[in-house]
Amino acid sequence: MSRTALITGVTGQDGSYLSELLLSKGYTVHGLVRRSSTFNTERIDHIYQGPQESGRSFVLHHADLSDGVALVNLLREIRPDEVYNLGAQSHVRVSFDAPLYTGDVTGLGALRLLEAIRASGVDTRVYQASSSEMFGATPPPQNERTPFHPRSPYGVAKVYGYWATVNYREAYGMYAVNGILFNHESPRRGETFVTRKITRAVARIKAGLQGELYLGNLDAVRDWGYAPEYVDAMWRMLQQDEPTDYVVATGVAATVRQFLETAFGHADLDWREYVRHDAKYERPSEVDALIGDAGKAEEILGWKPEVRVDELARIMVDADIRQVRDELAGATVRVDR
Ligand code: NDP
Ligand code: GDR
């Protein structure tokens with residue numbers, strides 16, 4: 001029997017890769033899309049199936065993590081075997097500008113979904129997209145036993161979602177797990193996260209479309225992995241006999257400056273000629289260093305990362321150079337529906 005999954009945040013970076021993975025495994029995938037005045041399905045347009053098609057395996061629904069009743073109704077209608085909660089206001093800097101909204105969607109949203117599962121009585125497994133940002137000020141290496149010390153409204157909200165997930169597991173015996181994922185990137189990464197901001201700038205500078213790149217703190221250390229590999233870890237977490245929480249990371253550290261060096265170097269450019277500082281991109285409280293220890297995921301899930309930061313930077317630069325080339329050639333065509 002084909003299995004059914006519900007993904008919140010299906011239009012995001014991870015939602016798009018996870019949809020592809022689950023479809024390739026024969027799942028019927030339902031995605032929660034929030035209403036927008038512009039198209040927000042660019043990352044999943046290539047797998048979109050219109051409402052007129054029969055026997056669809058990829059189905060989108062309008063709903064929102066702020067609407068608990070809609071979540072209950074959706075769960076009753078779909079009755080998924082697995083639920084992946086990837087929806088969030090996921091930008092750390094923005095969370096300082098919109099702290100209550102971030103708390104509502106990223107924190108309470110996780111609880112709304114858990115409570116909707118309980119209230120609907122649907123027997124399902126649930127994955128919560130927890131984050132290394134929860135470790136915040138606690139020094140690396142970080143693993144499942146590392147204490148949390150979040151440094152942003154986003155990190156605080158994710159800690160709330162984390163504990164809500166643990167609580168529903170303990171209180172109601174739900175198969176509910178936290179994937180504590182360290183930064184993971186790809187050509188589909190949002191353009192305002194630092195890696196993509198850099199690789200997109202490299203491509204645009206190379207094409208003569210941009211002269212400068214404004215950034216904040218270049219000393220931050222991150223453990224950057226490759227998103228398609230990380231969604232595979234999410235799926236594995238829901239296939240075990242017992243629910244438990246996992247760190248997912250590469251264990252390899254790099255500063256933003258090192259990422260700049262690799263990305264610009266790959267296009268034969270010297271980043272020092274183009275990068276300028278703007279304090280606007282700094283955070284009121286910064287997370288200095290995140291480096292994960294994913295030993296538990298390797299041991300229990302058999303999960304191991306392949307792509308490390310330098311290769312990741314090259315993959316992203318190459319993809320952005322292709323994209324800029326296509327844009328310049330006028331090849332970006334949106335099919336209306
Ligand atoms: P993205 O920002 O790319 O995607 C976030 C998704 O959440 C989008 O589909 C967005 O919709 C949706 N969303 C935003 N607000 C709401 C809302 N009110 N109701 C329903 N959906 C909403 O994030 P990623 O794909 O990078 O990350 C996926 C999840 O994993 C997030 O929860 C993130 O916080 C977490 N995470 C990410 C890490 C990373 O390095 N990428 C690391 C650790 C955790 P729209 O497209 O309309 O904006
Ligand atoms: P992060 O990712 O905050 O780790 O959260 P981001 O790419 O935004 O920042 C990484 C580091 O780069 C520094 N930085 C800048 N960041 C941005 N966005 N823009 C800049 O111009 C810039 N200049 C320097 C930041 O200060 C920071 O230290 C991501 C998100 O995907 C979260 O949702 C996820 O939970 C965590 O990763 C793990």
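1. The largest share of the shell around ligand 1 comes from α1, with 3 residues, where helices are DSSP runs of H or I with at least four residues and strands are runs of E with at least two, numbered from the N terminus. Both α1 (13–24) and β5 (125–131) supply at least two residues of this shell. Of the 26 residues around ligand 1, those that come nearest are G9, G12, G87, A88 and A129, a residue being near if its C-beta atom, placed from the backbone, lies within 6 Å. The shell around ligand 1 divides into 7 nonpolar, 16 polar and 3 charged residues, with Gly counted among the polar ones.

2. The model is predicted, so local features need pLDDT of at least 70 and side-chain atom pairs count only at pLDDT 80 or more, whereas totals for chains, interfaces and linings use all residues. Residues are numbered from 1 along each chain as its sequence is written, while chains are lettered from A and ligands numbered from 1 in the order in which they are written.

3. Around ligand 2 there are 21 residues, of which V92, S131, G216, A220 and Y281 come nearest. Helices α3 (92–97) and α6 each supply at least two residues of this shell, which divides into 8 nonpolar, 7 polar and 6 charged residues.

4. Helix α6 (residues 194–206) also meets helix α8 (residues 256–266), their axes coming within 10 Å and crossing at roughly 30 degrees. That makes α6 roughly parallel to α8, a term for angles under 35 degrees. The contact (C-beta atoms, placed from the backbone, within 7 Å) involves residues including I198 and V202 of α6 and F259 and L260 of α8.

Definitions and conventions:
Axes are lines fitted to C-alpha atoms, for helices over the stretch in contact, and angles run from 0 to 180 degrees between N-to-C directions. Angles under 35 degrees count as roughly parallel, over 145 as roughly antiparallel, 65 to 115 as roughly perpendicular and the rest as oblique. Two residues are in contact if their C-beta atoms, placed from the backbone, lie within 7 Å.
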